[in-house]
Amino acid sequence: MLDRASAYRIGLVSVVGLGVGGVAALAAIAFVDAVLWLNEALLVSAYARAQYDAHPRLLNAATVLVPALGGLVVGLIVRRWVRERRGLGPPDAILIAQTRQPPPTLKSGLASTTAALVSLGTGSSVGQYGPLVYLGTIIGAAVGPLERHVADLRAIAVACGVASAIATAFNAPIAGLVFAHEVILRHYSLRAFAPVAVAAATGHVVANVVFERPALFRVAFEGVRFGHEFLLFALLGVLCAGLAAGFMALILLAGRAAPRTRVPPWLRPAAAGLVLGLVALELPEVLGIGKETLRFATIEGAFTMPELAVLVTAKLTLTALCVGFGFVGGVFSPALLIGILFGALFGMGVAEALPAAQSGVVPYAICGMMAVTSPVIGAPLTTILIVFELTRNYDLTIAAMVAVVFSNLVAYRLFGRSLFDVQLRGRSFDLSLGRDKAILGLRRVSDFRSGDFIALGADERVETLVRRLKTSGRAEALVTDRDGRYRGLVRLQDVLDEPGTTRLADLARADGVTFDERTTLWEAMTQLRDFIGEAAPLIGSDGRLLGVVPEGAVIGGYMEAVHDLRREENAGA
Amino acid sequence: MRGLEALVVALCLLAGAAAADERATLTVVTWGGAYEAAQRAAIFAPFEAKTGVELEIVRWDGGVAPLRAHLAAEDPPRWDVVDMLRSDARAACREGLLAPFDAAILAPAPDGTPARDDFHDGAIADCFVSQLVFATVIAYDDRAFPGDKPQTVADFFDLERFPGKRALREAPVGLFDWALRAYGVPRSQIYELLSTERGFRLAFRRLDQIRDDLVWWRDGATPARLLAEGRVAMASGYNGRFFHARIARGAPISVIWDSALLAENVWAMPAGVEDRDLAERFIRFATAAEQLGAVANRISYGPTRASAMRRVGLHVEAGIPMRPHLPTAPRHLERALRKDYGWYAATEDLRRRRFEAWRSNGVAGR
């Protein structure tokens, strides 16, 4: 039977799915169209450039100046209005959905989105799906306060926003639904699944019925002709894993190298934009998202092998530069482009080696595209579905599946689950062993501090200790020196054979388990394995004793956190 | 019907007035051939009969350059009204070669619907009004391919399966679009790719495959004749001309509707037109539902206003239904390639330069 509370809950989450989904879909379309408009107006797109072919000087000036000035604007927006001093993206969305930490402010979020719009509009080599994910997150987080009516609503609403934004922008509702679960929520409870599906479907309706958007990347392909080609797809997957790991490592490296250049943070995007513009004078393909290049990569003979190799290298390096030096944007679109070019290169190599036994460049290009992208975003299932929904071609999806799976396996070993997860680990939110560890890794044991313990000075004698323990009915006491610094712990059994005049300083043992202010619940749980006693001392960074953390409190906190996670993951409708 | 009656009365009065002084004349520039014949029967003759104005018909092959040259000439012959391609008209309008167009002169539909609501969206522009939709299509001589018939634009470039001469218009229009379509590029992305160096290179590579078998045509009547005489196996051309050749002369010509390039013809007036009132009166008459419908019942071009479309029925001589032969028939629209006027207008130089470089040295050129 449906009781009133469940009916209310189902009604509320459905409305959230519909409302957040609808608003996020409209916002996503507005964002994508604004980027296109800027690309036309600022002579970034090939389509606009061809129309100014008679003015080569104007074109060259625009090529160099537009990304550089765009970078300057981005740098100033981030410095002035984004409190975090960096672009917000999928890692922040994950954090908002996974934890109860306060999200970045709305002002930061909107400023970051504007900076992303300028980055993409002026042709910097970054992706648009990262900002779109965060745009969906802003809209979802806005209904977060309703959480007091339904548990975990904030996470669900964020997932709804993300699913709808992706569903609309890619015109891929199934991929949007799976992405929100695979990357943002990391579980598949029915309570979350239903509203997120509603949001993704709403995005689909807005994109298809209201705005009549076509499928993003239709590719004609008649099927894989030879069985042995699946082995080649797997091999391509492995190679792509290496490329993806290199790509991600380079992005992180650029991020670390940027502060060492002595260029002030607000000027860094402009510097990267200038470099990008200068390269684009020779290689216009590196500008922007590269829709034309994606298409050319699927056409036999559009590129020579050296051209492909140069473009892969250039796009990889410049994207790392743009992201590392503070342009605001994602890595998904550049990964698609790098992957498809590399896949085409591999396909051409195969064509030379086995001229009569391959199905053309198309399946290799598509496999490469997805096999590089998948480990970067850490979402194999989403990527496979994206191929299906973007190309609407079943044969290509199966081929891409093989490459994607092998790529993910290898890249996981080489680098980690995804760029987002590795970035989050840098911010001490480690999802590599699952949500349990990450959530437990955020909670500090100092929250469980208790003042209920016996502390004695190092100069006091055993007789005092015995008397105090007797009256309180305890078996251990903590020893501190005159400044309150922790010296060790004395247990009743240690003093049984000692004369009453022995100083406690001679007996205190400091080799037991201690916690400090930064010890997380996860670390505490692993240390408790070696723990004997009642409570572990909590010691400040200056060595002073702050209190104790009772074993029971640690276990209780652990149980509570795990229970919350299990309840969220198994919540019904 | 009141609108139409009023129009007739007005035109009769005007005719009387015109007849009073010496016989007024108006020069109309248009394309010749079966198209002009249809216009003569549906528009020119009735106009002369109703107004008494003598129409002088000048033939041309379209383009912006001839109009530019005409306006720059010392003592040009008179041009009052010009039938031109929409893409050319757009470029000419930007250059200031056309007189501004006042939409208020257009006749409402016979049922009183204002012209603005009756015409297709975007048909009325600053310097012109769009009057019909035509398609540039590929047609083949049925006798040349007794077995498999060509079906797609890719077959046009496939000399192995479909050998024989090819005829293309000697202008940088349409051939690049088709060459890229032959690679399987989706319709929506053709002009994005043609905006790049690489896109042109690919297009010319495809054109190189048929280079030695190419015959160039200029005049719109030529391709149907080349096919009918068996001098080429496939040719590009205007769908109405091919239709006419088959219906009126029984030529064995079949049309491939795949990637048909849709475009529009417009009526416009050159800048500084001599007798603006009379020119506007002609355009009002020529774009009325009755006249546009009458043109479509003679040659298979789709009218741009709904009230005219409702008047399309059987061909006046052959008696076959005209609707399935219009480029705007739903099953043709599905496979059609919508020409991007904005892109065409802005890339005239670019296209011409590359086209000429390719023709003279066989390189994609810059």
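## Basis of the model

The term pLDDT denotes the predictor's confidence in each residue, on a scale from 0 to 100. The mean pLDDT of chain B is 89, and 93% of the residues of chain B reach 70 or more. The model scores ipTM 0.81 and pTM 0.83. Where pLDDT is low, the predicted coordinates should not be read in detail.

This is a predicted model, in which local features need pLDDT of at least 70, side-chain atom pairs count only at pLDDT 80 or more, and totals for chains, interfaces and linings use all residues. Residues are numbered from 1 along each chain as its sequence is written, while chains are lettered from A and ligands numbered from 1 in the order in which they are written.

## The two domains of chain B

Chain B is divided into domain 1 (2–133 + 265–325) and domain 2 (134–263), with bounds that come from an automatic or database domain assignment. The C-alpha centres of these two domains of chain B lie 29 Å apart.

In chain B, 19 residues of domain 1 are in contact with 13 residues of domain 2; two residues are in contact if their C-beta atoms, placed from the backbone, lie within 7 Å. On the side of domain 1 of chain B that touches domain 2 of chain B, at least two residues each are supplied by helix H2 (33–51), helix H4 (86–94) and strand E4 (128–141) of chain B. Helices (H or I, at least four residues) and strands (E, at least two) are DSSP runs, numbered from the N terminus. H2(B) gives the most to this side of domain 1 of chain B, with three residues.

## Contact between the chains

Between the chains, 17 residues of chain B are in contact with 16 residues of chain A. Helix H8 (190–194), helix H9 (197–208) and helix H17 (348–361) of chain B are the elements that give two or more residues to the side of chain B that touches chain A. The most comes from H8(B), with three residues.

Nine of the 11 residues of helix H11 (residues 239–249) of chain B are buried, so H11(B) is largely enclosed by the rest of the structure. A residue is buried if 20 or more other C-beta atoms, placed from the backbone, lie within 10 Å of its own. Among the buried residues of H11(B) are Phe242(B), Phe243(B) and Ile247(B). Just after H11(B), Gly250(B) takes a positive phi of about 65°.

In chain A, helix H14 (residues 332–353) has 22 residues. Because 17 of the 22 residues of H14(A) are buried, H14(A) is largely enclosed by the rest of the structure.

Notes:
Expected span 1.5 Å × (residues − 1). Buried ≥ 20, exposed ≤ 12 C-beta atoms within 10 Å, placed from the backbone.
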